[in-house]
Amino acid sequence: MSAQDGSPLAAGSLAGLRGRHFVTDQYYSREELLGLLDLAAALKALYRRRVPTPFLQDRTLAMIFEHPSTRTRISFEAGMTELGGHAQYLRPGEIHLGGHETVADTARVISRLVDAIMARTAFHATLAELAADATVPVINGLTDDYDHPVQTMTDAFTILEHFGTVEGLTCAFVGKCADAMGTSVALTMTRLGSSMVMAAPPQEQMTPEVEALARANCARSGASLTLTDDAIAAVVDADVVFTVGWWWMQPEDEKDELRRVLGPYQLNEALWAHTKPGAKFMHCLPAIRGEEMTDAILDAPFSIVLDEAENRKHFQKALLLALIGIDELPADPALQGIGRALLPKGE
Ligand code: CP
């Protein structure tokens, strides 16, 4: 049985995701992650045809933010609206979270009120604590010190659209590999079978713990992981070149040192001249123009950063739908292929 739009969603194939947390994509098998990408493609096709998709009518997502956001906040909120539900934006400092009320108590209370929680936290440990006591799915909307899996699964979806596959490609991450985005890109892509080259000065390279996880992924998927301090060597064979902002909330006096250390890793026309034809540039945004990349790279025809930003909504709709789940087959025949994939086989 396939979805009405022709996507390869088998009956019952997504049913096992219902009720699970998405603290990291590393707790999901390659097959489960590919299933989410198929669902995102099916939902995006329906969105493009303006077919209403009210799978999550009367469902609510609580969105907790310890730090500001443009893409994460807007894409989750718009995604819930398009699925027929509602999202609550809980701005930094607006609720008791680990201050006046423990994280565990917050998790237990919110779980009685909504159907899923998305949180952006400074520390991954806070998100893990939230998930440990929540009885509804908890989704990682970025933990500053570790991981951004909704972004990097979106990146995988965007790569799939441009290259027709994620498996067998080579991706380079150039610059601040120690950032949560460096960690997340390396872990997601190696899990899905894409080889990674991480180019950074030693003090900005990924940690040995993250390297071990990425190498374990490679052992299973057949991908490879290369760590280097040579930006040119990193990009020559790359199908996709990633970078990330050199700073976000760092104090002003730390920026000059980051500029000095990371300057040789700036994505500019001289470095891009070493890439092969067809290579694409990706950046999760926000970008700091003139720092980690020049305008000529960010605004180039080979830059797919706006596709990445748009796809946040389509991938996250798939994630919300799979984790929250549905109780019965939708009446609309256009939605029944997806409905059968979400429900246990035979229901
Ligand atoms: N890429 C990303 O997460 O952007 P925001 O910080 O705007 O949510």
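A residue is taken to be near a molecule if one of its heavy atoms lies within 4 Å of it. The structure is a predicted model, in which local features need pLDDT of at least 70, side-chain atom pairs count only at pLDDT 80 or more, and totals for chains, interfaces and linings use all residues. Residues are numbered from 1 along each chain as its sequence is written, and side-chain values use heavy atoms, with hydrogens and water left out.

The chain is divided into domain 1 (15-146 + 311-342) and domain 2 (149-307). These bounds come from an automatic or database domain assignment. The C-alpha centres of the two domains lie 26 Å apart. Across the boundary, 31 residues of domain 1 are in contact with 27 residues of domain 2 (heavy atoms within 4.5 Å).

Around the ligand stand Ser-69, Thr-70, Arg-71, Thr-72, Arg-120, His-148, Gln-151, Cys-284, Leu-285 and Arg-312. Each of domain 1 and domain 2 supplies at least three residues to this shell. By class, the shell holds two nonpolar, five polar and three charged residues.

Polar contacts are pairs of N or O atoms within 3.5 Å. A polar backbone atom of Thr-70 is 2.7 Å from a ligand oxygen. Thr-72 places a polar side-chain atom 2.7 Å from an oxygen of the ligand. A side-chain N or O atom of Gln-151 is 3.0 Å from a ligand nitrogen. Taken alone, the ligand exposes 260 Å², of which the protein buries 94% (Shrake-Rupley method, 1.4 Å probe).

Definitions and conventions:
Polar contact = N/O pair within 3.5 Å; in protein donor to acceptor, adjacent residues only side chain to side chain. Nonpolar A, V, L, I, M, F, W, Y, C, P; charged D, E, K, R; others polar.
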